[in-house]
Amino acid sequence: MGRTSGFFLCALVPILALAGFVVVAARVIERSDAALGAAGLQFLLSGAARTVELNLQLGLPLVELQQVDTILENAVASTPDVLAADVIGRNGVTLFSTDRGAVGEPVPRAWAAAMADGRGAWKARERETVTLGQPIMNDFGQLEGWVAIIVDADRLTPPLSRTQGLFVAAAPAIGAAMLLAVLFGTLVAMRSARRVDRVAKHLRGREPVVHPLTLLEDAANAAVHGLKDAEERVERVQRDLRRLDAEI
């Protein structure tokens, strides 16, 4: 590896490592926020279902509970992530909804499939929304219907929206790391250059390095010794040839 390549490697590695740490940290924070948001939505849904169940104790059928509209509106108003809230009958028809156009309509197929497959709470994922459902049970443990809340899908699986902010916050640290990397790379390059020049000087003078400290110096010493041995052999051969010429 050349001096320039080594310098850039020394400067680039810590910067890439720090940038990777920022991206991983951003993803961890995003997932933690998403998990907390999902837990909050589940708590909201369970509370709404429990409130409807308490109203069922008055003895009226689910479809006749006038308080349900207020319960659903309060649920939507309390959490910005909730787009709408419904109460669904056992037959899969919407009985109450903050979206008035959905009242009296059958639920979407994804919801119906989730209700049929799930036992208790269920989740239905559609193109842009996620719907969470919780069963409504009467005093006898019989199913009366479901409470459902509709949430924007991005709220539960958010993109890496925090990465830019974390990079801005980490800008001083990244700048310091770049400066230290440049200084370290410069020192390493200068030190390496001095060692290379030292070895080259010994090779030109055909003198071994005293107390070698690196593999390069060991290799230089081996080359010097090998060169001297070769010169001695050549000199011996030349002496023998001159002696033979004299005898002839």
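A polar contact is a pair of N or O atoms within 3.5 Å; within protein, one must be able to donate a hydrogen and the other to accept it, and residues adjacent in sequence count only if both atoms are side-chain atoms. This is a predicted model: local features need pLDDT of at least 70, side-chain atom pairs count only at pLDDT 80 or more, and totals for chains, interfaces and linings use all residues. Residues are numbered from 1 along each chain as its sequence is written, and side-chain values use heavy atoms, with hydrogens and water left out.

**Stop 1: a loop**

Select Asn-138. Asn-138 sits in the loop between strand E4 (129–137) and strand E5 (143–152). Helices (H or I, at least four residues) and strands (E, at least two) are DSSP runs, numbered from the N terminus. What does the side chain of Asn-138 reach at 2.8 Å? It is the backbone nitrogen of Gln-142. Asn-138 has a relative accessible area of 15%, so it is buried. Buried means under 20% relative accessible area, exposed over 50%, partly exposed in between (1.4 Å probe, protein chains only).

**Stop 2: the largest core**

Select Val-52, Val-87 and Val-147. These have the most contacts inside the largest nonpolar core, which has 24 residues. Helix H1 (3–56), helix H2 (68–78), strand E1 (82–89), E4 and E5 each give two or more residues to this core. H1 gives the most, with seven. Such a core is a set of buried Ala, Val, Leu, Ile, Met, Phe, Trp, Tyr and Cys residues joined through side-chain atoms within 4.5 Å.

Stay on H2. Its buried residues are Val-68, Ile-71, Leu-72 and Ala-75. Seen down the axis of H2, they fall within an arc of 95°, so they line one face of the helix. The arc is that of the directions from the helix axis to the C-beta atoms.

**Stop 3: two tryptophans**

Select Trp-111 and Trp-122. They form a tilted aromatic pair, 6.2 Å centre to centre with 45° between the planes. Rings of Phe, Tyr and Trp (its six-membered ring) pair if their centres lie within 6.5 Å; planes under 30 degrees apart count as stacked, over 60 as edge-to-face and the rest as tilted. Trp-111 lies in helix H3 (residues 109–117) and Trp-122 in strand E3 (residues 122–125), so the pair ties together parts that are 11 residues apart in sequence.
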